[in-house]
Amino acid sequence: MSSSPTLTPPARRRAVQILATGGTIAMRDGAGGQVLDGAPPGSLDRLGGACAGPPQTVMLKPSVHLTPADALELARLAIAHAEEGVGVVVAAGTDCMEELAFLCDLLSGAEAPIVFTGAMRLASAAGADGPANVRDAVVVAAHPAAAGLGAVVCFGGQIHAARYVRKVDSTGPLGFGSPLAGPLGFVDEDRLHLLGTVARRPPLLPEALGARVECAHIGLGSGGELVRLLAAAVDGLVAVLPGAGHVSPATLEALAAAQAKVPVVVVPRPIRGAILRQTYGFRGSERDVRGAGLICAGALSAAAARIKLLACLGANLDREEIRQAFQPDDL
């Protein structure tokens, strides 16, 4: 662990480009919560010359309206700036921010960071959080100590690795957390306090995100019908399993049949946990799940696993290459 207590002098700051994509941060009362403009609100004057120029509006959509093609376009633009040594702040909607940030992290090999942020309250609301979040994100993107972070989410003063971040509150201002790993650091008084990093991995290079990947949430009484229906219509499947990777015998049979057709990635339903290996031995336990050849990714949320599988398929990886790509995510 290391800590960087202050923002370095202006001459040493990295230039920052803000990319605006819409979302709550660009919405105001009186318009039914509609996107009005892309410029994130709030003064950045105290940050001096950190910003390379005015915010660039890329698209104006709630994040749930973004397509995989939109997400790939945004990721490529952000990475292009980062590869030129410019820190990037992406102001986006929070509903699908996990997916957007993790896609950038999967594709980027640049040293300059890509920092996602947004707002939980409309720009015109009392206590609007957008201005402070943008300022904090610029601090992170500009700081030399953030080199090599990859993509992160900066929200409510906390910094979260894209690989582990989850939206943990649908309405409160501290909307994001990292239940598995905890935050990488935090920002206060325009100062970056970096407590740790995550290991970077070789970037994926998808040509497109045109595959169809869906999620099947398995629960009490699930008998495999949903798995069978999805497996017949998709190119890849993410199954969310109760506990530490446990299913009913009928669901196990359906998952085993599905993985003979398409790649099937399994993740645990608890927000902090893993797919076990040999603790339980009942039919449908983790031993059977692993024995069926399913790809285990206990460190990832369902949203992250789906985006990674989309990127793997878009990069034309074969089944074994996909398994190897997910291997570091198998705790």
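Predicted model: local features only at pLDDT ≥ 70, side-chain atom pairs only at ≥ 80, totals over all residues.
View 1. Residues are numbered from 1 along each chain as its sequence is written, and side-chain values use heavy atoms, with hydrogens and water left out. A disulfide is a covalent bond between the sulfur atoms of two cysteines. The search of the whole structure, in which a disulfide is a pair of cysteine sulfur atoms within 2.5 Å, finds zero disulfides. Cys-104 is accordingly in no disulfide, and the nearest cysteine sulfur, that of Cys-96, lies 14 Å away. Cys-104 counts as buried because its relative accessibility is 1%.

**View 2. The buried side of helix 5.** Helix 5 spans residues 249-259, and its buried residues are Thr-251, Leu-252, Ala-254, Leu-255, Ala-258 and Gln-259. These residues lie on the same side of helix 5 because they cover an arc of only 165° around the axis, the arc being that of the directions from the helix axis to the C-beta atoms. The buried residues of helix 5 pack against helix 4 (225-231), strand 12 (236-241), strand 13 (264-268), helix 6 (286-291) and helix 8 (319-326), where a contact means heavy atoms within 4.5 Å. Helices (H or I, at least four residues) and strands (E, at least two) are DSSP runs, numbered from the N terminus.

View 3. Asp-329 forms one with Arg-201, their closest N and O atoms being 2.7 Å apart. This pair links distant parts of the chain, with Asp-329 in the segment after helix 8 and Arg-201 in the loop between strand 10 (191-194) and strand 11 (213-217), 128 residues apart. Asp-329 is buried at 0% relative accessibility, while Arg-201, with a relative accessible area of 27%, is partly exposed. The side chains of Arg-277 and Asp-330 also meet in a salt bridge, at 3.4 Å from N to O. That pair again links distant parts of the chain, 53 residues apart, with Arg-277 in the loop between strand 13 and helix 6 and Asp-330 in the segment after helix 8. Arg-277 counts as partly exposed at 42% relative accessibility, whereas Asp-330, at 16%, counts as buried.

**View 4. A salt-bridge network.** Asp-188, Glu-189 and Arg-191 are linked in a network of salt bridges. Glu-189 is exposed at 63% relative accessibility, and Arg-191 is partly exposed at 27%.

**View 5. The setting of the close-ups.** The secondary structure of the protein comes to eight helices and 14 strands. Along its principal axes the C-alpha trace spans about 60 × 45 × 35 Å, and buried residues make up 53% of the 331 residues. Of the contacts with a separation of 6 or more, 73% involve residues 24 or more positions apart.

Key
Buried < 20%, exposed > 50% of the residue type's maximum accessible area, 1.4 Å probe, protein only. Salt bridge = Lys/Arg side-chain N within 4 Å of Asp/Glu carboxyl O.
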